[in-house]
Amino acid sequence: MLEKPAHTATLSKAIREGLPHEDGVSLYVHMPFCVSKCRYCDFNSYAFTNQNLEQHVDAVLREASSRIEGLQPQTVFLGGGTPSLLPAETLARFLSELDSICGFRSSSNETTMEANPESFDRATSQAAFEGGVNRASIGIQSLRREVLEAYDRVHSPETALEAFSIARDAGFTRINLDLIYAFPGQSEQEWRSDLATIHALGAEHLSCYELSYEPGTALTRLKDAGRWQAASDETCAAMFEITRQANENAGYEAYEVSAFAKAGEASMHNLSYWRSLNYVGIGAGAAGWYQGIRRRNIERPEQYEAAIFEGTDPVAESEELDAAIVLFDHLMMGLRLPYEGVLLPRAQRLSGLDPLKVYAAEMDDLLEQQLLEIVPSDEGDRLRTTKRGLLILDDILTRFLPEDPSLSV
């Protein structure tokens with residue numbers, strides 16, 4: 001094993017304060033409906049075709065009553081799908097009843113709701129803020145009309161910018177904006193220009209993702225049929241570096257592969273995931289990791305509702321994970337954090353396995369290639385990616401895959 005660097009690991013300045021507690025639990029709530037299904041999306045989401053939203057909300061609240069009564073979550077995330085698709089009065093009712101069940105308004109340090117510009121009107125934004133949501137995450141994705149149309153997004157660049165103003169007017173002082181780069185033919189200058197426009201808004205947090213081609217999506221089918229030309233690896237790498245440098249210059253720290261925060265504005269809920277802390281998921285297709293058990297709900301909304309109203313558990317699968325899977329998942333999530341990485345003593349405590357022994361050969365090779373590094377910290381040694389390693393994180397993680405990779409997500 002190579003010797004450790006002399007310097008000490010320090011946590012990112014964006015996440016030194018307000019860290020999620022290891023003995024706490026987070027809550028994820030899934031709302032599966034969208035105005036339309038985006039071509040790149042592989043989430044459990046469905047185009048809204050006049051499904052009964054009140055009925056679906058009732059189903060989620062009924063699951064909440066049976067599974068999270070008195071939970072007192074430290075963070076909450078309403079995702080989807082598009083939670084802002086709910087009518088304002090329905091959203092207000094949902095948040096009120098959810099608080100009565102689990103007490104999130106008094107316990108949660110951060111309650112985030114995802115929103116898309118076309119449905120985040122003033123009434124909905126106000127209902128969310130007054131209902132206990134204190135962080136809005138708006139799916140802008142692009143400021144180019146032709147790109148939005150290619151993705152099957154139904155909002156315009158103007159509507160996206162207006163949604164940000166609406167959130168501010170409602171009282172939100174913590175806003176995340178989602179963006180996607182590496183659209184085929186996108187020039188570096190266009191991306192720099194779009195980032196400059198976004199930076200001028202002054203959002204507290206940015207999530208900047210490379211356009212991905214997930215199995216089963218409409219976009220992947222187009223690419224496989226030769227009707228969509230993906231950006232080259234070289235272009236994607238250049239865009240990755242441009243994104244990090246431009247955001248850093250604008251005061252956003254890259255505390256995760258795709259997440260950029262102003263000081264103190266890192267997403268506490270997402271840090272809970274990346275640190276393998278406990279969280280419970282409710283709603284159609286929602287997943288959770290709680291007290292050593294991984295669970296995932298039935299995905300199809302109508303089947304989920306049927307199970308709920310029949311009085312049965314809407315679980316699709318639940319399992320206590322093998323130690324090797326626990327270790328791999330912890331590495332997979334933690335290595336996304338370039339500053340803190342994975343605290344090795346905690347990885348061993350969670351899984352019962354010493355990662356430096358389990359992956360001895362792989363570690364030696366990756367450390368030798370300077371793709372990973374081990375650095376001391378006050379809590380113990382940390383394993384983290386180098387700058388070069390972060391560029392090829394997926395390849396690194398492939399080296400750590402358990403023998404049966406189908407068991408991990």
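This is a short tour of a predicted model, moving from aromatic pairs to one helix and then to a single histidine.

**Stop 1: Phe129 and Phe172.** The structure holds ten aromatic pairs. Select Phe129 and Phe172 to see one of them. Their ring centres are 5.1 Å apart and their planes meet at 70°, so the pair counts as edge-to-face; the cut-off for that label is over 60 degrees. Now colour the surroundings. Phe129 belongs to helix 4 (residues 122-130), while Phe172 sits in the loop between helix 6 (157-170) and strand 7 (175-181), so the pair ties together parts that are 43 residues apart in sequence.

**Stop 2: Phe183 and Trp228.** Select these two next. They also form an edge-to-face aromatic pair, with 5.6 Å from centre to centre and 90° between the planes. Phe183 is in the loop between strand 7 and helix 7 (188-201), and Trp228 is in the loop between helix 8 (218-224) and helix 9 (233-249), so this pair ties together parts that are 45 residues apart in sequence. Both residues are buried.

**Stop 3: Tyr213 and Lys223.** Look at the face of the Tyr213 ring. Lys223 lies over it, at 5.4 Å from the ring centre.

**Stop 4: helix 4.** Go back to the helix that holds Phe129. Which of the residues of helix 4 are buried? Select Thr124, Ser125, Ala127 and Ala128. They cover an arc of only 165° around the axis, which puts them on the same side of helix 4. An α-helix has 3.6 residues a turn, so residues three or four places apart point the same way. Just after the helix, click on Gly132, which takes a positive phi of about 115°.

**Stop 5: His30.** Finish in strand 1 (residues 25-31), where His30 lies. His30 has a relative accessible area of 5%, so this residue is buried. What does the side chain of His30 make a polar contact with? The partner is the side chain of Tyr28, at 2.7 Å. Then select residues beyond four places in sequence that are in contact with His30, among them Asn44, Val60, Gly79, Gly80, Gly81 and Ile282.

Definitions and conventions. Residues are numbered from 1 along each chain as its sequence is written. This is a predicted model: local features need pLDDT of at least 70, side-chain atom pairs count only at pLDDT 80 or more; totals for chains, interfaces and linings use all residues. Side-chain values use heavy atoms; hydrogens and water are left out. Rings of Phe, Tyr and Trp (its six-membered ring) pair if their centres lie within 6.5 Å; planes under 30 degrees apart count as stacked, over 60 as edge-to-face and the rest as tilted. Helices (H or I, at least four residues) and strands (E, at least two) are DSSP runs, numbered from the N terminus. Buried means under 20% relative accessible area, exposed over 50%, partly exposed in between (1.4 Å probe, protein chains only). A charge sits over a ring if NZ of Lys or CZ of Arg is within 6 Å of the ring centre and within 35 degrees of the ring normal. The arc is that of the directions from the helix axis to the C-beta atoms. A polar contact is a pair of N or O atoms within 3.5 Å; within protein, one must be able to donate a hydrogen and the other to accept it, and residues adjacent in sequence count only if both atoms are side-chain atoms. Contact means heavy atoms within 4.5 Å.
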